[in-house]
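The sequence and the coordinates come first.

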Amino acid sequence: MAEVVTYTLDATVATITMDDGKVNALSPLMFAELDDAFTQAEHDSAAVVLTGRSGILSAGFDLKVLRAGGADAINMLRAGFALSERMLSFPTPIVVACPGHAMAMGFFVLLSGDYRIGAAGSFKLVANEVAIGMTMPHSAIEIVRHRLTPSCFNRSVVLAEIFTPDNAIDAGILDQVVPAEELLQAAASAAAGLAQLDATAH
């Protein structure tokens, strides 16, 4: 089975890349490999850059598993918010380099980073649960509340508004937007700077 997550270490910065060749569905396999990668980064005491494939960070949970229901679906949902919890409490800084779309659970993963840089372009950054007939989980609501401005929080959670890199900084979704070809360099530079913080204080 092909890997869907790769891990590279350059001095004090670990880069974790999701790439399933499609939309980076957050599947049980993706979560297992992300867990291993973050464990390795913690072992290496490295600041982290989390990114995806060209044009997409993640479109959210694997719908095939969700639609099948049962224990696998429940465990996958739990794994998603366990990943967010781990990112939000990670001992070293995490920079999310968003190369494109971030939707549903992919949006929540984006918001779980300490510093978030997006590629410029016509990309959707959205919690689309309400638009597709799903009730927003409380965990997701609190992740969005933690990052977005109050008015944008309401528009995101209640109205499923689609944000783009053009208005994502003002909304609180992204901290920086750069041309796509500069994304990884900008993220690595930011992570290297954050790696100099006092780890215990952080």
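## Six-stranded sheet

What is the order of the strands in the open sheet of 6 strands? The order is S1-S2-S3-S5-S7-S9, and the pairing is mixed. The model is a predicted one, in which local features need pLDDT of at least 70 and side-chain atom pairs count only at pLDDT 80 or more, while totals for chains, interfaces and linings use all residues. Residues are numbered from 1 along each chain as its sequence is written, and side-chain values use heavy atoms, with hydrogens and water left out.

Helices (H or I, at least four residues) and strands (E, at least two) are DSSP runs numbered from the N terminus; two strands pair if DSSP finds at least two bridges between them. The edges of the sheet are strand S1 (5-10) and strand S9 (176-178); each has a single partner strand, so one side of each is left without a neighbour in the sheet. From one strand to the next the twist averages 20°, with axes taken as lines fitted to C-alpha atoms (for helices over the stretch in contact) and angles running from 0 to 180 degrees between N-to-C directions. Within this sheet, strand S5 (residues 94-98) and strand S7 (residues 115-119) run parallel and are joined by 4 bridges. Valine 95 has tyrosine 115 in S7 as its bridge partner.

## Three-stranded sheet

Another open sheet is formed by 3 strands in the order S4-S6-S8, with parallel pairing. Strand S4 (55-58) and strand S8 (125-126) are at its edges; each has a single partner strand, so one side of each lacks a neighbour in the sheet.

Strand S6 (residues 100-103) pairs with S8 in the parallel sense over 2 bridges. Opposite alanine 102 stands leucine 125 in S8.

## Salt bridges

How many salt bridges does a search of the whole structure find? The search finds 7, a salt bridge being a side-chain nitrogen of Lys or Arg within 4 Å of a carboxyl oxygen of Asp or Glu. One of them joins arginine 86 to aspartate 35, with the closest N and O atoms 2.7 Å apart. Arginine 86 lies in helix H3 (residues 70-88) and aspartate 35 in helix H1, so the pair ties together parts that are 51 residues apart in sequence. Aspartate 35 counts as partly exposed at 40% relative accessibility; buried means under 20% relative accessible area, exposed over 50%, and partly exposed in between (1.4 Å probe, protein chains only). Arginine 86 also forms a salt bridge with glutamate 42, where the closest N and O atoms are 3.3 Å apart. This pair again links distant parts of the chain, with glutamate 42 in helix H1 and arginine 86 in helix H3, 44 residues apart. Glutamate 42 is partly exposed, its relative accessible area being 39%.

Arginine 116 and aspartate 175 form a further salt bridge, with 3.7 Å between the closest N and O atoms. Arginine 116 is in strand S7 and aspartate 175 in the loop between H7 and S9, 59 residues apart. Arginine 116 is buried, with a relative accessible area of 4%, whereas aspartate 175 is partly exposed at 33%. Through shared partners, salt bridges join Asp35, Glu42 and Arg86 into one network.

## A buried glutamate

Glutamate 33 belongs to helix H1 (residues 28-43). Glutamate 33 is buried and has no salt bridge; arginine 53, the nearest side chain of opposite charge, is 13 Å away. For charge, Lys and Arg count as positive and Asp and Glu as negative, while His and the chain ends are not counted. The side chain of glutamate 33 does reach the backbone nitrogen of valine 4, at 2.9 Å.

## Cysteines

The count of disulfides (pairs of cysteine sulfur atoms within 2.5 Å) is 0. Cysteine 98 is in no disulfide, and the nearest cysteine sulfur, that of cysteine 152, is 17 Å away. Cysteine 98 is buried at 2% relative accessibility, and cysteine 152 is buried with a relative accessible area of 7%.

## Positive phi outside glycine

Serine 45, although not a glycine, has a positive phi of about 50°. Serine 45 sits in the loop between H1 and strand S3 (47-51) and is exposed at 57% relative accessibility.

Alanine 160 is likewise not a glycine and has a positive phi of about 55°. The loop between helix H6 (150-157) and helix H7 (165-171) holds alanine 160, which counts as buried at 10% relative accessibility.

Note on methods: A polar contact is a pair of N or O atoms within 3.5 Å; within protein, one must be able to donate a hydrogen and the other to accept it, and residues adjacent in sequence count only if both atoms are side-chain atoms.
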